Amino acid sequence: MAPAFNRRRPLPDGVPELIRDTVLACTAATPRILDLGAGSGRIAAPFLSANDNYIAADLSAGMLHAFRDKHPRARILQSDATALPFPDGAFDAIILVQVL
């Protein structure tokens, strides 16, 4: 499923940029951002292009492999959302897009 995920479940044009704009409007000037359930990296591009302090996390190794193929320099983490290796308050924003 992971290699074809973006093709099967595309986001409308401009959505990743709108998500980034919204996150920046609601947080500190240089926010620490966790994309929880990042999947194949559908919303990562504008964050990574801007060199934001962005970390992607997902449980699925396959999805993270697809993410890494598109964004080789991204900081990614395979982890269960219930057992993240970060202390409380480590992020200014946590993004969940089509996760719940």
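1. Buried means under 20% relative accessible area, exposed means over 50%, and partly exposed is what lies in between. Arg32 has a relative accessible area of 33%, so Arg32 is partly exposed. Keep in mind that this is a predicted model.

2. Start with the salt bridges. The count comes to two. One joins the side chains of Asp52 and Arg20, at 2.6 Å from N to O. This pair links distant parts of the chain, 32 residues apart. Arg20 belongs to helix H2 (residues 15–25), while Asp52 sits in the loop between helix H3 (44–49) and strand S2 (53–58). Are these two residues buried or exposed? Asp52 is buried, because its relative accessible area is 17%. Arg20 is buried as well, at 18%.

3. Asp92 and Arg32 form a salt bridge too, and their closest N and O atoms are 3.0 Å apart. Asp92 lies in the loop between strand S3 (75–78) and S4, and Arg32 lies in strand S1 (residues 32–36). The pair therefore ties together parts that are 60 residues apart in sequence. Asp92 has 34% relative accessibility and counts as partly exposed. Arg32, at 33%, is partly exposed.

4. The largest nonpolar core has 13 residues. Which of them touch the most other members? They are Ile19, Val23, Ile33, Phe47, Tyr54, Phe67 and Ile95. H2, H3, S2 and S4 are the elements that give two or more residues to this core.

5. Phe47 deserves a look. Its relative accessibility is 0%, so Phe47 counts as buried. Leaving out residues up to four places away in sequence, Phe47 touches Ile19, Arg20, Val23, Ile33, Asp52, Tyr54 and Ile95. Two of these names, Asp52 and Arg20, are the partners in a salt bridge.

6. Asp52 can be read from its own side. With residues up to four places away in sequence left out, Asp52 touches Arg20, Ile33, Pro46 and Phe47.

7. Ile19 is in helix H2. At 17% relative accessibility, Ile19 counts as buried. Its contacts, not counting residues up to four places away in sequence, are Ile43, Phe47, Ile95 and Val97. Lys70 is 51 residues from Ile19 in sequence. In space the two are 19 Å apart, C-alpha to C-alpha.

8. Now the aromatic rings. How many aromatic pairs does a search of the whole structure find? There are two. Phe47 and Tyr54 are stacked, with 5.1 Å from centre to centre and 15° between the planes. Tyr54 counts as buried, at 1% relative accessibility.

9. Phe86 and Phe91 form an edge-to-face pair. Here the centres are 4.9 Å apart and the angle between the planes is 85°. Phe86 is partly exposed, with a relative accessible area of 28%. Phe91 is buried, at 18%.

10. Last, the surface. Ile94, Leu96, Val99 and Leu100 form a nonpolar patch there. Together they have about 440 Å² of accessible area. Leu100 is found in the segment after strand S4 (93–95). Is Leu100 buried or exposed? Its relative accessible area is 95%, and exposed means over 50%, so Leu100 is exposed.

Definitions and conventions. Residues are numbered from 1 along each chain as its sequence is written. This is a predicted model: local features need pLDDT of at least 70, side-chain atom pairs count only at pLDDT 80 or more; totals for chains, interfaces and linings use all residues. Side-chain values use heavy atoms; hydrogens and water are left out. Patches are made of residues with over 30% relative accessible area and no salt bridge: like charges are joined within 9 Å, nonpolar side chains (Val, Leu, Ile, Met, Phe, Trp, Tyr) within 5 Å. Accessible areas come from the Shrake-Rupley method with a 1.4 Å probe; for residues, only the protein chains shown count as cover. A salt bridge is a side-chain nitrogen of Lys or Arg within 4 Å of a carboxyl oxygen of Asp or Glu. Helices (H or I, at least four residues) and strands (E, at least two) are DSSP runs, numbered from the N terminus. Buried means under 20% relative accessible area, exposed over 50%, partly exposed in between (1.4 Å probe, protein chains only). A nonpolar core is a set of buried Ala, Val, Leu, Ile, Met, Phe, Trp, Tyr and Cys residues joined through side-chain atoms within 4.5 Å. Contact means heavy atoms within 4.5 Å. Rings of Phe, Tyr and Trp (its six-membered ring) pair if their centres lie within 6.5 Å; planes under 30 degrees apart count as stacked, over 60 as edge-to-face and the rest as tilted.
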